[in-house]
Amino acid sequence: MAESVVMEQKRRKTKYAVEPNFTEKKQFRPAGVQETGLAFVGYEVSDDRQTMNQFLHYDQLYTIRHGKNSPFFIGLLEGKIMGTRCPRCGTTWVPIRTHCWSLDCDLVETDWVEMPLTATVHTWTVAGWSGRSSLKRLPIILVYAVIGDSSVAIANELHGVKPWDVEFGMPLKVVFKPKDQRQGVITDFHFEPADGWRPGPMTAEKLRIKELVEPVYEWVKTLK
Amino acid sequence: MGERVCIVGGATTPFDYGATGFESIEGGAADCVREAMQDLPEFRLRDLDLMLYSHFSVHFGHQLAPEWIIHDHLGLAGLPHYRVENGGNTGGSALYAAALAVMSGHHKAVGIVGWETMDSVSQSQGSEFIALASDIRYELLVGGIYPIYYAAMANKWMKENHVTEEDVASIAAKNKNNAMDNPKAQWYRNEHRYITVDDVMKSRLIAYPIKKYDCSLMSRGVAFLIVCNEAYAKKVNPDGYVTVDGMGLSSCTIRAGDRINYPSWKERYGPGYPDMTEFAACRCSAEQAYKMAGIKDPLHQIDFGEIHDAFSTSEAQIYKALGLADGEHITQFLRDHSTHMDGQIPMNPGGGLLGYGHPVGATGLMSTIECYYQLAGMIPRKHLSTKTQVSNPECGIVNSHAGTGTSISNFILRRP
Ligand SMILES: [Zn+2]
C-alpha cells in the first residue's frame, strides 16, 4: 500500500464522525472577485468639515451546507425536480420538507419522489425593479406555481410569454437549462407555458400592464 | 394578569436616507432619549431596570452586536440588556418583550432603542440584503426582493376582493400626504410634496400591481420608547400615560407559497385560508389583542391606528385581517376613505412606513410612539398642525409586520 494511502487511512481513523469526500467540484465565482477581508477603503468629509463618512469593503464566500436537503439540489443538476412525500399522511412538497409539517406526524422523515415537470400558476406578478443581481433581466414574470401534486407553491420565473399575457391557473412546463450550465440552484430551471397553451384576448388589465412594462424595456437598455 | 403595562414617552430621530441622515447610531439614540426627557422632566435614565434593543440586520450596520455601542454610550453599563430581532416585526416584538417583562412584575421600567441604517449600501443592494430574510435557497435568485413577493400576494388578493390599483393608490397618497404634516417624516424631509392617486398610478412599475409610490421608504432612523408599570407611569407622567391593554403575536411561513395548505392554519381557520392572499398572522395576533382588551367590534371600538404599510396593498390587506371590513365590504370601505383623516378610523396619521419611513428596527417603535402621541394629546407639539390629529381618541391600534407576513404583532393602546 502506498505510504500516502496509509497516512490518509490513519488520518481518517482518528475522526469520530464520518466526513464525506467531495470529488465533483465546480466554481462559478466571477473572475477578479477576491476575498480581501474587511478593509477601510476610503472616506469623505463634508465641506464644512462637520461630517465624515467612511467606506468599508466586505466580501465573503459562504458555504451553504444543504445536508438532508441535498437531493433536491443534486436533482437540479440532473434536470429533475425532486419532491418529498410524508410516509404517514401522504402530503407532497416542492420546495421540499425533510420532515412532515403536520403536528400529528411527529416530524417523521419524508421520502424522496421525482415530480412531473408540469405545474399550474397559483399567483403571479410582473417585476419592473429588482435586486442588483437581477436588474438586467427585467421585466421578470415571477409566478408561484404548484408542481404536480405538491401542497405548496414554488416561486420561479416564467419565460416564453409576454408579461401581460400571464394568467391565473395557466398550465406550465418546467424547462431546465442545458446540463453544462446548471449550478444546482433554483435558477437551473424556469417555467414556460405548457405546449398548446395560447394567450387570451387583449383586456383592459393587459393593456395596463403593457403600459407599465414598456418603459422598463427602455430603461434596461440604458444599463451598462 | 400581572402588572398593567404602560407607555410614558418616546421619540424618534428624523427618518432620512443618504446625505441628510448622517447621525451615528449612538448619537441618534442619545437624541431620542434627550427629546423624551424634555417631554418628561421626571424621567431619569437611571430609573430603567432593563434595556431592549430592536435591530433587524447587522448587514446594514457592518457591525455585530451594535447594541453594545449604544448601551454603553447611554451610560447604562451594568443594566441588563439584550437585542430582539424578528424581521420587519422587530419593533413590535421588542415591545412585546418589554410588555412581558413589565407584566411579569420582574421589571418596572424598560427602555427600548430601535434603529436601522439602510443607507449604508446602495438601494438595490439594500433590497437584496432585506431579501436575505427570504429563504435564499429557493427565492433570492428568482428576481427575489420583497416587493415582488408582496406583489404576487396582493395581485391575487385584489382580484378576489375586487380591489383596484386606484383603491390602493389612495392609501399611498393618504400616508405620504399625512407625512407632509410631520417634520420627522422622510417624505416631508426628502421628496416633500403632496401627491394624488394619479401620481401613484403614473409612478414606475416595481412589481405589478405595486408601483414606486405604493412602496415604503428605505431609511436611516432611530427610535426610543419607555414601557413601564402603572406605579411608575403615575409617578413620572400622571396626566399623559397610555396603557397597553391588549397584545398579540403570531407567525406564518417564511415562503409565501408554503401557506396555501398549511396544517396548523387549516386546523385554526378551516381549509383555503390564508391561501397566499390573507395575512393570517395579523388576524391571529389581532384576535389575541382584541380578546385581551375586550374588543368585540374593532371598527367601532378602535378610533385610529398606526399600521405596517410596507406597501399600500398590504395596508388594504391589513384592514381586512384586522376585521375592519370583510371581503364583501372591503372595496366600499376603501372607496369611502374610511381610513383618511376625516374617515371613520384614520390609519397612519403619522405618515406610516410610506411617509414617515421604514428603518426596520425602529419602525414598530415609530408606530407605537405616533399612537402614543395621539392618545397623550401631544400631536400639536409633535406635528406641524392639528390636521393630522385624531379628534379625542380613546383607543388606538399598533401593528408591526415581518417577512411575507411571517411574523405580525398587534397592540391595543388606550388612555387609562
Ligand atoms: Zn405527514
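Strands here are DSSP runs of at least two residues in state E, numbered from the N terminus. With that in hand, take Asp245(B), which sits in strand S8 of chain B, residues 242–251. One thing to keep in mind throughout: this is a predicted model.

**Asp245(B) and its partners**

Asp245(B) has a relative accessibility of 17%, so it counts as buried, the cut-off being under 20%. A polar contact of 2.8 Å joins it to the side chain of Thr243(B), and another, of 2.9 Å, joins the side chains of Asp245(B) and Arg414(B). The pairing of Asp245(B) with Arg414(B) also qualifies as a salt bridge, with the closest N and O atoms 2.9 Å apart. Asp245(B) is in strand S8 of chain B while Arg414(B) belongs to strand S11 (residues 407–414) of chain B, so this pair ties together parts that are 169 residues apart in sequence.

If you leave out residues up to four places away in sequence, Asp245(B) touches Arg4(B), Met292(B), Ala293(B), Ile412(B) and Arg414(B).

**Salt bridges elsewhere**

Over all chains, the count comes to 36 salt bridges. Here are some of them, with the distance between N and O atoms.

| Salt bridge | N to O distance |
|---|---|
| Asp245(B) and Arg414(B) | 2.9 Å |
| Glu35(B) and Lys382(B) | 2.6 Å |
| Glu211(A) and Arg208(A) | 2.6 Å |
| Glu205(A) and Lys159(B) | 2.8 Å |

Glu35(B) and Lys382(B) meet through their side chains at 2.6 Å, N to O. This pair links distant parts of the chain: Glu35(B) is in helix H1 (residues 25–39) of chain B and Lys382(B) in helix H18 (residues 379–382) of chain B, 347 residues apart. Are these two residues buried or exposed? Glu35(B) is buried, at 18% relative accessible area, and Lys382(B) is buried too, at 13%.

Glu211(A) and Arg208(A) are another story. They are 3 residues apart in helix H3 of chain A, so about one helical turn separates them. Arg208(A) has a relative accessibility of 15% and therefore counts as buried.

How much area do chain A and chain B bury between them? The figure is about 4,000 Å², with 61% of it on carbon and sulfur atoms. In chain A, the residues that lose the most area to chain B are Trp101(A), Trp129(A) and Tyr144(A), which together account for 16% of what that side buries. The contact takes in 48 residues of chain A and 42 residues of chain B.

Glu205(A) and Lys159(B) make one, their side chains meeting at 2.8 Å, N to O.

Which elements of chain A each supply at least two residues of the side that touches chain B? They are helix H2 (70–77), strand S6 (118–127), strand S7 (140–147), strand S8 (154–157) and helix H3 (204–221). H3(A) gives the most to that side, with 7 residues. Sorted by class, the side of chain A that touches chain B has 27 nonpolar, 15 polar and 6 charged residues.

As for domains, the assignment for chain A gives domain 1 (21–65) and domain 2 (118–221). Their C-alpha centres lie 32 Å apart.

**Two buried spots in chain B**

Helix H5 of chain B (residues 123–131) has 7 of its 9 residues buried, so it is largely enclosed by the rest of the structure. The buried ones are Ser124(B), Gly126(B), Ser127(B), Glu128(B), Phe129(B), Ile130(B) and Ala131(B). Their cover includes helix H2 (58–61) and helix H6 (146–161) of chain B.

The other spot is Pro274(B), in the loop between helix H11 (263–269) and helix H12 (280–293) of chain B. Pro274(B) is buried, with a relative accessible area of 1%. Setting aside neighbours within four places in sequence, Pro274(B) is in contact with Arg259(B), Trp265(B) and Ala280(B). Pro274(B) also lies 6.6 Å from Ile260(B), C-alpha to C-alpha, with the two 14 residues apart in sequence.

Terms used: Residues are numbered from 1 along each chain as its sequence is written. Chains are lettered from A and ligands numbered from 1 in the order in which they are written. This is a predicted model: local features need pLDDT of at least 70, side-chain atom pairs count only at pLDDT 80 or more; totals for chains, interfaces and linings use all residues. Side-chain values use heavy atoms; hydrogens and water are left out. Helices (H or I, at least four residues) and strands (E, at least two) are DSSP runs, numbered from the N terminus. Buried means under 20% relative accessible area, exposed over 50%, partly exposed in between (1.4 Å probe, protein chains only). Contact means heavy atoms within 4.5 Å. Domain bounds come from an automatic or database domain assignment. Buried area is the accessible area (1.4 Å probe) that two parts lose on being put together, summed over both. A salt bridge is a side-chain nitrogen of Lys or Arg within 4 Å of a carboxyl oxygen of Asp or Glu. Ala, Val, Leu, Ile, Met, Phe, Trp, Tyr, Cys and Pro count as nonpolar, Asp, Glu, Lys and Arg as charged, and the others, Gly among them, as polar. A polar contact is a pair of N or O atoms within 3.5 Å; within protein, one must be able to donate a hydrogen and the other to accept it, and residues adjacent in sequence count only if both atoms are side-chain atoms.
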